[in-house]
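Please read the numbered points below beside the model. They go from single residues to the whole chain.

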Amino acid sequence: MLGVNPYVPSMSMFKKIPFSFIYRNCFHRSLLPFGMCYYHLFLKPVSISNVHVNYFAVDKTRNLSAVATAAKSTVNTSNSTNAMSNKARKKAHRESPESVLKYKLDMCSKHGKLVEALRLYEEGRSNGVTLKQHHYNVLLYLCAREASGDGVELKELGLKRGFEIFQKMVGDKVSPNETAFTSMARLAVAREDLDLAFELVKQMKSLGIPPKLRSYGPALFGFCEKGNAEKGYELDAHMAESGVTPEEPELSALLKVSADTKNADKVYDMLQRLRATVRQVSESTFQIIEDWFKSEDAAKVGVESWDVNKIKKGVVDGGGGWHGQGWLGSGRWRVMRTKMTENGVCRCCGEKLVSIDIDPKETENFATKLTELACNREVKADFIRFQEWLQQHGPFDAVVDGANVGLIKADTFNFNQLNNVVNQLRQMSPSKRSPLVILHQGRVTNGPARNPNNRNWLDSWKRAGALYATPAGSNDDWYWLYAAVSCKCLLVTNDEMRDHLFQLLGTSFFPRWKEKHQVRLSMTRLGLSLHMPPPYSIVIQESESGSWHVPTIADDDLLNPRQWLCVGRTRNKS
């Protein structure tokens, strides 16, 4: 436990931070105390007379001088002179002391050099450099980073200087933003003052700064690690009020503290939240769940008899795969790690997992969102032209990401490989129609496309209305994804769809859609083999009998089946 540092404020100092002069353009004055502008953070009270000082006022003599100078300037300045002056202004800005300091601090941040950053900070202040929000944010980030580390000297340095720098930031009337508050929350946790870390998040919200998930992290993980479940739940409720959705690390921490404090109802709640938002869990969360079900505390919870009709109604109302009516059964749980058959039958208990349907309205809304994102990132006219083409030639039973398929296990684009997949899909189609092949314009006209055999295949797909060439400069990902979503059909690709583009689509609907529509491919001795979407949902499932099946996160490895946790009662009675 670190001793009290005279340079570090107590929590009470954070309880009132009006910042009225800082946030004059951001917040209504009605939210702030009238007649007083004290900020309890670190500084002495500031009188009301100081509040109304125009911080942007300039010296009258310099102002008149500037007007006189402007009057002497030539009115009819040429465009070339304006261009040169703009260029000169940009150069001056780039070479200004503030910009040079910003660049050097960014390099310190990139390489984790706190000591050098502090030296630059002191040097800048002594030279009269005006520090702005970004400068302070970088310094606070580095202080928090080292204060959270293992090195004793750097930890103490980060703690001491971090609070000092924040004090100076407020004193210089530089508005702290979410980044600064989050760094301060990390510093508070490093000082083992978890209440202060939580108080800082509350201050953010009261000042009109929307907290982010990372803002809550330091306090939440700190409370959970200390076993303070009630504070963890309070913070979790504050997150909900702020519209912040926890992800697996946060839910996993709440799950563990609930299990450790023997709160079976909260364990059940966290499992349901993991099912709804995370679906598949990491190995660390998987272990927490396994340990809970093996515990004596888990064996003590549950009802011996229940209303079957009520449970069935819960399953129907929830859309399938869970009932949400609490623990069912009594006695110890049987806990086994296992795998599923291709049809979704548990190899341990023989129970068949269900396939959870997707609401058609959700698909429609997702297609609309996809269109908006694509039109913002692609040439809008090009994408609208594609939508019109699809309306005319669709719908299709399958869409093929041509570039991905043609390059599987291939050094150069393999049209023969792509054609074989097209033929397999045509044979599988109820209407025997060719799938839609999406290829970039360059792949349709250049390179291997000039080969006579390849040209014949391209021409045949085009005549069938089953080939679309995306324009130069476009990202074909938007095109094949939109086509598959709007046609409500299969999507053939090995693309893992995890890069930034797909992050924009969110984690609620898209993973469920992908699970039900993506066809993967593997190379065999006879060529590419298609692997259809599983006939069951890969998500935490709670059965009507009270058993549980929990899937782990798995890479897209078709040869290594996903691991599941199978959990059931040794005796159940409905």
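**Notes on the chain**

1. Lys409 is exposed, with a relative accessible area of 73%. Buried means under 20% relative accessible area, exposed over 50%, and partly exposed in between, with a 1.4 Å probe and protein chains only. The phi of Lys409 is positive, about 55°, although Lys409 is not a glycine. Lys409 sits in the loop between α19 (402-406) and α20 (415-428). Helices (H or I, at least four residues) and strands (E, at least two) are DSSP runs, numbered from the N terminus.

2. This is a predicted model, in which local features need pLDDT of at least 70 and side-chain atom pairs count only at pLDDT 80 or more, while totals for chains, interfaces and linings use all residues. Residues are numbered from 1 along each chain as its sequence is written, and side-chain values use heavy atoms, with hydrogens and water left out.

3. Lys432 also belongs with the backbone angles: its phi is near 60°, a positive value in a residue other than glycine. Lys432 is in the loop between α20 and β3 (436-440). At 48% relative accessibility, Lys432 counts as partly exposed. For background, most residues other than glycine have a negative phi, and most peptide bonds are trans.

4. Which residues does a cis peptide bond join? They are Gly394 and Pro395, with an omega of about -5°. Pro395 lies in the loop between α18 (380-393) and β2 (398-401).

5. Is His135 buried or exposed? His135 counts as buried, at 3% relative accessibility. Helix α6 (residues 133-147) holds His135. Apart from neighbours within four places in sequence, His135 is in contact (heavy atoms within 4.5 Å) with Glu98, Leu101, Lys102, Leu105 and Thr130.

6. Ser258, in helix α12 (residues 248-260), counts as buried at 0% relative accessibility. With neighbours within four places in sequence left aside, Ser258 is in contact with Tyr233, Asn263, Lys266, Val267 and Met270. From C-alpha to C-alpha, Ser258 and Gly232 are 9.6 Å apart in space, and they are 26 residues apart in sequence.

7. The second largest pocket contains about 330 Å³ of space. It is lined by 18 residues, and Arg275, Ala276, Arg279, Ile356 and Arg512 are the closest to its centre. On a 1 Å grid over the protein atoms alone, a pocket is an open set of points where a 1.4 Å probe fits, with protein on both sides within 12 Å along at least five of seven lines; lining residues have an atom within 4 Å of a point. A volume is the space filled by probe spheres set on the points.

8. What kinds of residue form the lining of the second largest pocket? There are 6 nonpolar, 6 polar and 6 charged residues. Asp, Glu, Lys and Arg count as charged; Ala, Val, Leu, Ile, Met, Phe, Trp, Tyr, Cys and Pro as nonpolar; the others, Gly among them, as polar. At least two lining residues come from each of α13 (264-277) and α25 (510-517), and α25 gives the largest share, 3 residues.

9. Over residues 177-211 the chain is 74% helix and 0% strand, with the end C-alpha atoms 10 Å apart.

10. The chain as a whole has 25 helices and 10 strands. Of its 574 residues, 45% are buried. Among contacts between residues at least 6 apart in sequence, 72% join residues at least 24 apart.
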